There are 2 protein chains.
Amino acid sequence: MNRPSPLDNVRIVLSHTSHAGNIGATARAMKTMGLSVLYLVNPKSFPSNEADVRASNARDILEQARVVGCLEEALQDCVLAAALTARPRDLAHRTLAAREAAGELFHHARHAPVALVFGRESSGLTTPEIGKCQITVHIPANPDYASLNLAAAVQLMAYELRMASTVTMPAASQQSVYRLASFQEIELFYSHLEQAMIHSGFLDPAQPKRLMQRIRRLFARAQLEKEEVNILRGIISALEKHRSK
Amino acid sequence: MNRPSPLDNVRIVLSHTSHAGNIGATARAMKTMGLSVLYLVNPKSFPSNEADVRASNARDILEQARVVGCLEEALQDCVLAAALTARPRDLAHRTLAAREAAGELFHHARHAPVALVFGRESSGLTTPEIGKCQITVHIPANPDYASLNLAAAVQLMAYELRMASTVTMPAASQQSVYRLASFQEIELFYSHLEQAMIHSGFLDPAQPKRLMQRIRRLFARAQLEKEEVNILRGIISALEKHRSK
């Protein structure tokens with residue numbers, strides 16, 4: 001058996017994959033680089049013979065893959081989720097190139113689960129899906145044809161993660177020593193804030209515009225720590241309690 | 001049309017490929033990274049529908065591919081040929097890891113053609129084939145399962161070549177297109193928040209501890225934009241107004 005590695009804390013999450021062959025090729029790509037944890041959000045067809053064939057000797061990864069109904073389930077307990085996107089988005093998160101992102105993911109994977117999230121073959125991730133992630137990642141590519149095959153994108157990211165694991169990380173991305181908040185903690189914070197905004201009349205649920213999206217984007221950039229979430233929720237509660245007196 | 005690039009001097013050479021799908025996937029992998037010159041040494045079946053399908057929008061590369069009868073033909077005029085090998089060989093050439101090899105190939109491609117040579121899916125390159133190359137290249141991988149799919153190996157090398165071509169590119173961390181808030185705007189936000197925290201009883205001015213410091217640190221990481229400051233101050237005001245009713 002292998003020794004435990006931070007790579008065991010890296011989840012590959014495929015959302016709404018159409019072609020089973022890509023799932024198999026993803027498993028193979030993962031295994032060649034030492035990744036093993038695969039989550040499938042609503043795959044169109046799985047398990048499948050086509051996936052098994054393309055997985056070659058990485059079927060163990062398919063057998064252990066977790067099939068879930070929504071992205072939230074796949075991100076449970078993750079302290080950092082990175083969304084792969086081909087194009088920069090207008091409501092941009094902090095965007096990192098593949099190599100840089102791999103370094104940051106690997107750094108956090110030393111302590112807690114992290115996720116790399118890949119969208120549909122045809123259209124990528126939806127805006128709400130990206131909204132559940134803290135950073136977006138782009139793979140440097142030919143601007144005239146950046147359409148990487150899904151498994152090829154997984155292969156590149158898995159390779160960069162493996163490379164990150166073999167570099168004695170120069171403190172380049174000096175991350176804080178504080179513990180990052182989990183996916184659930186951050187989602188509870190957003191719900192709390194949203195409720196407070198509605199009660200105070202700042203947010204009209206009938207006309208929400210893109211307010212929560214903007215707020216998610218802001219705090220995603222900050223990569224909230226556990227204690228910071230507590231402080232922010234404490235402030236909201238204090239303002240609310242005081243108000244209701 | 002694109003400007004000439006040293007990447008135009010990089011040949012991908014596939015020797016004795018068995019599966020036409022891999023040739024198509026190779027073309028796609030190449031095009032995503034800006035490579036275009038493909039040589040096929042004795043492919044088992046080419047052209048093929050399977051190759052076309054897997055090439056997706058990179059069929060132009062298949063159409064321009066040169067089919068040759070032996071490796072020597074594919075290496076005509078090349079100043080450097082690099083053989084991909086999964087394992088170190090006993091009669092070892094100078095062996096470089098993928099990243100290092102890409103740097104060296106790109107360097108020479110500024111002036112003359114170079115080649116990256118990939119062998120059969122099942123057994124890789126033969127010893128005589130490797131003997132025609134000047135260096136061997138290995139892709140760092142899981143020692144327990146280093147069996148990369150052929151097109152995946154091409155994808156990684158093409159990516160490293162592209163990365164080598166953009167080394168001076170700092171544009172990786174593109175800052176958002178939104179306008180960042182000014183120093184004053186941010187300071188006014190902190191004051192506003194601090195006052196609200198004091199009024200609500202969350203912050204005791206006699207015992208402030210390091211609360212504001214923590215909050216400053218959080219928002220500093222986010223690098224607030226003008227509009228975000230307005231949103232945050234709007235939320236605070238709404239909560240406060242509601243309270244004082």
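A search of the whole structure, which is a predicted model, finds two cavities of 30 Å³ or more. Rolling a probe the size of a water molecule over the atoms shows where empty space is left.

The largest cavity has a volume of about 200 Å³, and it is lined by 14 residues, among which A:Leu193, A:Leu232, A:Ile236, B:Leu193 and B:Leu232 are the closest to its centre. In terms of residue class, the lining of the largest cavity consists of 14 nonpolar residues, with no polar and no charged residues.

The second largest cavity holds about 80 Å³ of space and has a lining of 13 residues, those nearest its centre being A:Cys133, A:Gln134, A:Ile186, A:Tyr190 and A:Ala220. Two or more residues of this lining come from each of H8 and helix H9 (211-222) of chain A, and H8(A) gives the most, with four residues. The lining of the second largest cavity comprises seven nonpolar, three polar and three charged residues. Because domain 1 (6-173) and domain 2 (183-244) of chain A both give residues to the lining of the second largest cavity, this cavity lies between them.

Note on methods. Residues numbered from 1 in each chain as written. Chains lettered and ligands numbered in written order. Predicted model: local features only at pLDDT ≥ 70, side-chain atom pairs only at ≥ 80, totals over all residues. Heavy atoms only, no water. 1 Å grid on protein atoms, 1.4 Å probe; cavity = no way out; pocket = protein on both sides within 12 Å on 5 of 7 lines; lining within 4 Å. Points joined across faces, edges and corners; volume = space filled by probe spheres on them. Nonpolar A, V, L, I, M, F, W, Y, C, P; charged D, E, K, R; others polar. Domains from an automatic or database assignment.
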